[in-house]
Amino acid sequence: MKPQLPYPCLTLITRLGAPQRVAPEHLGPMQRPVLPLHTRNPLASTLMQRVREGIESGVHVVQLREKETFAKELYTLAQQLRHLTAGRALFLVNDRVDVALAVDADGVHLPEDGLPVAAARRLLGEEKLIGCSVHNVASAVQCAQAGADFVHVGTLYATDSKPGRTPAGPQLVRNVAAAVDIPVIGVGGISAQNASTVMAAGAHGVAVISALLDAPDTSGATRNLISALNG
């Protein structure tokens, strides 16, 4: 049976940071030519701890979004997060349908330039969730018609994860929610201070990165967001 997003829904999107690489010019001359080497990102353990604290305090969905991470490490992270979320929260993998299938994630979240929904559905089957990132009503309608289960709508407020993008504000949520009959998740600069406004505009929930991963107290920040969502 396909899982359902709870209402209200709080999604934690991961941000591990760029993988560490050793550039060829920093290696001795006898070792050239050589491909860049990858070492384990030291932030991984911190990320896992924060995700654990978030889940224990009420996070409903964890989305693995690490665009700069090599496939092998991404798979390892996905395994760890699948174990961490099992029976406690839904687990989605951003973009990488292959990794999602490999760890039996609950579904995928497709970026705007990712696979078409129909192609992802053929690979995943009918029992997995498929979400899409959209930035306007037309894209949201297209995704819904193609069979997406939910959409992330943004960027609603200024955020470091989308530098240079003009915030759309909660009106975009209102417009999209009126045009589609699938859950609309607000994203982009969401905090405990504005989450209730996003929900009032018709959102099914919110997705955050820095509001939890940069908080001094992940557990307390999660509880504050949950309280704001319940408004």
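Q: Which residues have the most contacts inside the largest nonpolar core?
A: Those are F91 and V151, in a core of 71 residues. A nonpolar core here is a set of buried Ala, Val, Leu, Ile, Met, Phe, Trp, Tyr and Cys residues joined through side-chain atoms within 4.5 Å. Buried means under 20% relative accessible area, exposed means over 50%, and partly exposed is in between, using a 1.4 Å probe on protein chains only.

Q: Where do these values come from?
A: From a predicted model, where local features need pLDDT of at least 70 and side-chain atom pairs count only at pLDDT 80 or more, while totals for chains, interfaces and linings use all residues. Residues are numbered from 1 along each chain as its sequence is written, and side-chain values use heavy atoms, with hydrogens and water left out.

Q: Back to F91. What is F91 in contact with?
A: Leaving aside neighbours within four places in sequence, F91 is in contact with V62, L64, A78, L81, R82, T85, V103, A105, D106 and G107. Contact means heavy atoms within 4.5 Å.

Q: How many helices and strands does the chain have?
A: The chain has 9 helices and 10 strands. They are DSSP runs numbered from the N terminus: helices are H or I with at least four residues, strands are E with at least two.

Q: And how much of the chain counts as buried?
A: 50% of the 231 residues. Also, among contacts with a separation of 6 or more, 59% are between residues 24 or more positions apart.

Q: Why does A44 count as buried?
A: Because its relative accessible area is 3%.

Q: Switching to helices: at what angle do α5 and α6 pack?
A: About 35°, with the axes of α5 (residues 137-146) and α6 (residues 171-179) 9 Å apart. Axes are lines fitted to C-alpha atoms, for helices over the stretch in contact, and angles run from 0 to 180 degrees between N-to-C directions.

Q: Which residues make that contact?
A: V137, A140 and V141 from α5, with N175, V176 and A179 from α6.

Q: How many disulfides does the structure hold?
A: 0. A disulfide would be a pair of cysteine sulfur atoms within 2.5 Å.

Q: Where are the cis peptide bonds from Y7 and G154?
A: One joins Y7 and P8, with omega about -10°, and P8 lies in the segment before β1 (9-13). Another runs from G154 to T155, with omega near 10°, and T155 is in the loop between β8 (150-153) and α6.

Q: What about phi at D95 and D104?
A: D95 has a positive phi of about 75° although it is not a glycine, and D104 has one of about 60°. Most residues other than glycine have a negative phi, and most peptide bonds are trans. D95 sits in the loop between β5 (90-94) and α3 (97-102), whereas D104 is in the loop between α3 and β6 (107-110).

Q: Is D95 buried, exposed or partly exposed?
A: D95 is partly exposed, because its relative accessible area is 32%.
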